[in-house]
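Welcome! Let us take a walk through this protein together, starting with the whole and then turning to its parts.

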Amino acid sequence: VCSMGNSTSRLYSALAKTLSSSAVSQHQDCLEQPDSAQLDPIDPKDLLEECQIVLQKRPPRFQRDFVDLKKNAASNHRPIRVMQWNILAQALGEGKDNFVQCPMEALKWEERKCLILEEILAYKPDILCLQEVDHYFDTFEPLLSRLGYQCTFFPKPWSPCLDVERNNGPDGCALFFLKDRFELINSANIRLTAMKLKTNQVAIAQTLKCNETGRLFCIAVTHLKARTGWERFRSAQGCDLLQNLNSITQGAKIPLIVCGDFNAEPTEEVYREFSNSSLNLNSAYKLLSPDGQSEPPYTTWKIRPSGECRHTLDYIWYSQHALNVNSALGLLTEEQIGPNRLPSFNYPSDHLSLVCDFSFNQDPDRLL
């Protein structure tokens, strides 16, 4: 274990700092990055070391390997690494989700946040899409902005986190991209509708310009309505999101990547809507299957009082006419996850992170 010198001690104070509830509430309507962007940059290696010091009594991180998916397609630019992850809202994990096989000790925020940061730092995404973020203002925005990310947060209008005693404010979707790789052209915060009614679910869609290639693309993050019995509702939300993205991408003229916890198995209507959309989207993680047509067997696996819940709910959709998937991060095996499932002392969320490397098609004028 590395000892803490002066430089890492300063980092640790930043890592451990928590805003008061009143400070968080003051920021709830402020969706762009506040003054922490003015703070000194952090070396990611130093921050990773700080996380590992906090986590020294926990088991080591699981080994996950990238699967090469390139089909002899040469690329003349660095791939764009996109990470999708429902990180589990702290208030819900401790106060509502009732993971019966997960010790409360494993959910302590001071350690769990370091597990989350360790996962992000390990894969070094260029773009990070998160759901169930309820520690945006006191953790993710201050730290990730100092790592060079531009940060945007859009909370749920009626977050269930607010029903939990001693909560940290509402949860929502957050989108982060590296400012040295991309320029923000346009940003839209979307409150999803269903049956013409505004809902509690949201999305962020941003049009970025890749500094290296000059190419535009749109990145979106969302989190659809949960629970069995709400399939038609999710379908309506998906239709609304697709209509918004169709407008933003000018009818798929701008390539698109959509990350999200859709709370929907591949058998649901909302999945078929995305598969059959005029935006010509494909699900990146299907490419890990032998035939390229099947989703992974699970992206979330937990045990609740009602029993074991093993589902495929998380996706990274992409414009298959304009983008190539170079590689994708393999999922945890059942043996790695263990009999008590997720979350655990090893892994901070009940959802697995998904990570893909994308490259632009070499023919920028190729049409659908």
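Of the 368 residues in the protein, 57% are buried. Keep in mind as you look around that this is a predicted model. Its secondary structure comes to nine helices and 15 strands. If you consider contacts between residues at least 6 apart in sequence, 79% of them join residues at least 24 apart.

Seven strands make up an open sheet with mixed pairing, and their order is S1-S14-S15-S2-S3-S5-S4. At the edges you will find strand S1 (66-68) and strand S4 (149-155), each of which pairs on one side only. From one strand to the next, the twist averages 20°. As background, strands of a sheet pair through backbone hydrogen bonds, either parallel or antiparallel. For S4 and strand S5 (residues 172-178), the pairing is antiparallel and runs over seven bridges.

Helix H5 touches S1, strand S2 (80-86), strand S3 (127-133), strand S14 (323-329) and strand S15 (354-360), and the direction of H5 makes about 160° with that of S2. Helix H6 packs on the sheet as well, touching S3, S4 and S5, with a direction that makes about 160° with that of S4.

Stay with H6 for a moment. How many residues of helix H6 (residues 136-146) are buried? The count is eleven of eleven, so to speak a mostly covered helix. Among these buried residues are Tyr136, Phe137, Phe140 and Leu144, and also Asp138, Glu141 and Arg146. Just after H6 comes Gly148, which takes a positive phi of about 100°.

How do the helices meet each other? Two packed helices are described by the angle between their axes and the distance between the axes. For helix H5 (residues 109-123) and H6, the axes come within 12 Å and cross at roughly 35°. The crossing of H5 past H6 is right-handed. On the H5 side, Trp109, Lys113, Ile116 and Leu117 take part, and they meet Thr139, Phe140 and Leu143 of H6. Sorted by class, this contact has five nonpolar residues, one polar and one charged.

H5 has another helix to meet. The axes of helix H3 (residues 44-54) and H5 come within 9 Å, crossing at roughly 140°. Because of that angle, H3 is oblique to H5. Here the crossing is left-handed. From H3, the residues Pro44, Leu47, Leu48, Cys51, Gln52 and Val54 meet Glu110, Glu111, Cys114, Leu117, Glu118 and Leu121 in H5. This contact of H3 with H5 has eight nonpolar, one polar and three charged residues.

Our last stop is a hairpin. Strand S6 (residues 182-194) and strand S7 (residues 197-210) run antiparallel and are joined by eleven bridges. Thr193 stands opposite Lys198 in S7. What lies between the strands of this hairpin? There are two residues between S6 and S7, and in this hairpin Met195 takes a positive phi near 50°.

Notes. Residues numbered from 1 in each chain as written. Predicted model: local features only at pLDDT ≥ 70, side-chain atom pairs only at ≥ 80, totals over all residues. Heavy atoms only, no water. Buried < 20%, exposed > 50% of the residue type's maximum accessible area, 1.4 Å probe, protein only. Helix = DSSP H or I, 4+ residues; strand = E, 2+ residues; numbered from the N terminus. Axes fitted to C-alpha atoms, helices over the stretch in contact; angles between N-to-C directions. Left-handed = near helix turned anticlockwise from the far one by under 90°. Contact = heavy atoms within 4.5 Å. Nonpolar A, V, L, I, M, F, W, Y, C, P; charged D, E, K, R; others polar. Parallel < 35°, antiparallel > 145°, perpendicular 65-115°, else oblique. Pairing = 2+ DSSP bridges.
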